[in-house]
Amino acid sequence: METVFTHPVRIYYQDTDTGGVVYHASYLNFMERARYEWLRELGFTVDTMIRSHQMIFLIRSLSIEYFKPAVLDDLLGVTVKVIEVGRSRITLQQQILREQSTLASATVHAVCVGAETLKPISIPAPLRQKIEK
């Protein structure tokens, strides 16, 4: 679980406020995209999770700290690192980086739920095996 996945994100005008600084909620969108791409890299698209495993992940909680602002046209790296895996939950550490500088850092707690019931279920074994590598 020491592997760190990184997804590149370019800052566009739509991500910023009137001053050209990234709007604080945009960071959450960047992190969501990175989590989706991380799962895709593991071979689990959202469609696959729903159709083949009848499950999705919901965010239970998220704690974020902002250190430095990103601005228009920055190229950022958004990371995903697995911290802990439980029966139906997963804890991730995510960072938004510009070169070697950390702009934001978050701890994300996600829960595996049934796609129809939205109640917690065990993380499917094939996905768990990929996550725990």
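Among contacts in the protein chain between residues at least 6 apart in sequence, what percentage join residues at least 24 apart? The share is 67%, where a contact means heavy atoms within 4.5 Å. The structure is a predicted model, in which local features need pLDDT of at least 70 and side-chain atom pairs count only at pLDDT 80 or more, while totals for chains, interfaces and linings use all residues. Residues are numbered from 1 along each chain as its sequence is written, and side-chain values use heavy atoms, with hydrogens and water left out.

The protein chain holds 3 helices and 5 strands, counted as DSSP runs numbered from the N terminus (helices: H or I, at least four residues; strands: E, at least two). Read from the N terminus, the order of these elements is β-α-α-β-β-β-β-α. The radius of gyration is 15 Å, close to the 14 Å that the globule rule gives for 133 residues, so the protein chain is as compact as a globular protein of that length. Here the radius is taken over C-alpha atoms, and the rule is 2.2 Å times the number of residues to the power 0.38. Along the principal axes, the C-alpha atoms fill a box of roughly 45 × 30 × 25 Å.

Turning to burial, 39% of the 133 residues in the protein chain are buried; buried means under 20% relative accessible area, exposed over 50%, and partly exposed in between (1.4 Å probe, protein chains only). The accessible surface of the chain is about 7800 Å², and carbon and sulfur atoms account for 51% of it, with areas from the Shrake-Rupley method and a 1.4 Å probe.

Y27 and F30 pair edge-to-face, at 6.2 Å centre to centre and 65 degrees between the planes. Both residues lie in helix 1 (residues 26–41), 3 residues apart, about one turn of the helix, and both are buried. Y27 also forms an edge-to-face pair with Y66, at 5.2 Å centre to centre with 70 degrees between the planes. Because Y27 lies in helix 1 and Y66 in strand 2 (residues 55–66), this pair ties together parts that are 39 residues apart in sequence. Y27 has 3% relative accessibility and counts as buried, whereas Y66 is partly exposed at 37%. Together, Y27, F30 and Y66 make up one aromatic cluster.

Key
Rings of Phe, Tyr and Trp (its six-membered ring) pair if their centres lie within 6.5 Å; planes under 30 degrees apart count as stacked, over 60 as edge-to-face and the rest as tilted.
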